Structures are given as structure tokens and as C-alpha cells.
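This report goes through selected local features of one structure, residue by residue and pair by pair. The sequence and the coordinates come first.

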Amino acid sequence: MKKVTEKLARRKRRKFHIRKTISGTPECPRMSVFKSSKHLYVQVIDDTAGKTIISASNLEKELRDIPTNVEGAAKLGEIAAKRLIEKKIETVKFDRNGNLYHGVIKSLADGARKTGIKF
């Protein structure tokens, strides 16, 4: 149990360090990724107004068949990027939310980049 608590504490420390430097604006919002053990969530947030511009997760009715693995994360990144392009937003700041940049998080970012979003 102690190992799990230490792991969460390290993630929380990374998250606060990242959020000190990243803030979203209307021109360049923040793309925040949350990964649970079963689902992936992506939000694009304008921090100055405190509003979520778009969101995508594999809990949505039409996206439930997307698995929570590397391939599914790439598809979810592409879907989020398409929604951003519809809103005429091409650049975002990527907030990995304290997670390490590999595996599912890296795949999601690569999927969004492949669709045309710049970080």
C-alpha cells in the first residue's frame, strides 16, 4: 500500500510543477489528459475564462468501443483534434497532468499531432 501512495505523491508533485508553467489562453488553450485505470479523458481548457472548449473520452456513447490502450488513445487524440479544428483552434499547450510521457499519453499526443494540432 505504501508503494501506491508514494507513486500517487510523485504524480501529484509532477502535476503541480507542470501547472505552474502551463496556462491556457483563448488563442492557445491547454489540452489536459486524465487517465484512469479504465478510461481516458481529454479536455481543452481556456484558463483565462475558466471554460472547457471541447472534451472527449471513451465514455461517450459513440466512442465506447475505443479501448484504453495505445491504439485507442491515438484514435481519441485524433477525435479531439478534429473537434478542435472544427472550432478553428490549431495550437494548444499539452498538459500531461503529471503522467509520464510514454505509452498511452504519448500515443494520444501523436494522434492529435497527426491530425494537425501543434503543441
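E90 sits in the loop between α2 and β4. In this predicted model, E90 is in contact with G116, I117 and K118, leaving aside its neighbours within four places in sequence. E90 and E27 are 63 residues apart in sequence, and their C-alpha atoms are 8.9 Å apart in space.

K88 also has its place in the loop between α2 and β4. Its backbone has a phi near 65°, a positive value in a residue other than glycine. Most residues other than glycine have a negative phi. K88 counts as exposed, at 73% relative accessibility.

A positive phi, of about 65°, also belongs to N97, which is not a glycine. N97 is found in the loop between β4 and α3. Is N97 buried or exposed? At 8% relative accessibility, N97 counts as buried, because the cut-off for buried is under 20% relative accessible area.

N99 lies in the loop between β4 (93-95) and α3 (104-115). N99 is buried, with a relative accessible area of 8%. Not counting residues up to four places away in sequence, N99 touches R11, V33, K35 and I105.

**Salt bridges**

How many salt bridges does the structure hold? The structure holds eight salt bridges.

| Pair | Distance, N to O |
|---|---|
| R19 and D47 | 3.8 Å |
| E60 and R83 | 2.8 Å |
| R83 and E62 | 3.8 Å |

The side chains of R19 and D47 meet in a salt bridge. This pair links distant parts of the chain, 28 residues apart: R19 is in helix α1 (residues 2-21), and D47 is in the loop between β2 (40-46) and β3 (51-57). R19 counts as partly exposed at 30% relative accessibility, and D47 counts as partly exposed at 24%. R19 and D47 are also linked with R30 and D95 in a network of salt bridges.

The side chains of E60 and R83 meet in a salt bridge at 2.8 Å, N to O. E60 lies in the loop between β3 and α2 (70-86) and R83 in helix α2, so this pair ties together parts that are 23 residues apart in sequence. R83 counts as partly exposed, at 21% relative accessibility.

The side chain of R83 also meets that of E62 in a salt bridge, at 3.8 Å, N to O. The pair links distant parts of the chain: R83 is in helix α2 and E62 is in the loop between β3 and α2, 21 residues apart. At 55% relative accessibility, E62 counts as exposed. R83 therefore has a salt bridge to E60 and another to E62, because in each pair a side-chain nitrogen of Arg is within 4 Å of a carboxyl oxygen of Glu.

**Positive surface patch**

Which residues form the positive surface patch? The patch is formed by K3, K7, R10, R13 and K35. Helix α1 gives the most to the positive patch, with four residues. K3 is found in helix α1. K3 is exposed, with a relative accessible area of 71%. K35, another member of the patch, is one of the residues that N99 touches.

**Strand β2**

Q43 lies in strand β2. Q43 is partly exposed, with a relative accessible area of 34%. Which residues are in contact with Q43, leaving aside its neighbours within four places in sequence? They are R30, M31, S32, T52, I54 and S55. R30 in this list is also a member of the network of salt bridges with R19, D47 and D95. Q43 and F16 are 27 residues apart along the chain, and their C-alpha atoms are separated by 18 Å.

Definitions and conventions: Residues are numbered from 1 along each chain as its sequence is written. This is a predicted model: local features need pLDDT of at least 70, side-chain atom pairs count only at pLDDT 80 or more; totals for chains, interfaces and linings use all residues. Side-chain values use heavy atoms; hydrogens and water are left out. Helices (H or I, at least four residues) and strands (E, at least two) are DSSP runs, numbered from the N terminus. Buried means under 20% relative accessible area, exposed over 50%, partly exposed in between (1.4 Å probe, protein chains only). Contact means heavy atoms within 4.5 Å. Patches are made of residues with over 30% relative accessible area and no salt bridge: like charges are joined within 9 Å, nonpolar side chains (Val, Leu, Ile, Met, Phe, Trp, Tyr) within 5 Å. Accessible areas come from the Shrake-Rupley method with a 1.4 Å probe; for residues, only the protein chains shown count as cover. Lys and Arg count as positive and Asp and Glu as negative; His and the chain ends are not counted. The place of a charge is taken as NZ of Lys, CZ of Arg, CG of Asp or CD of Glu.
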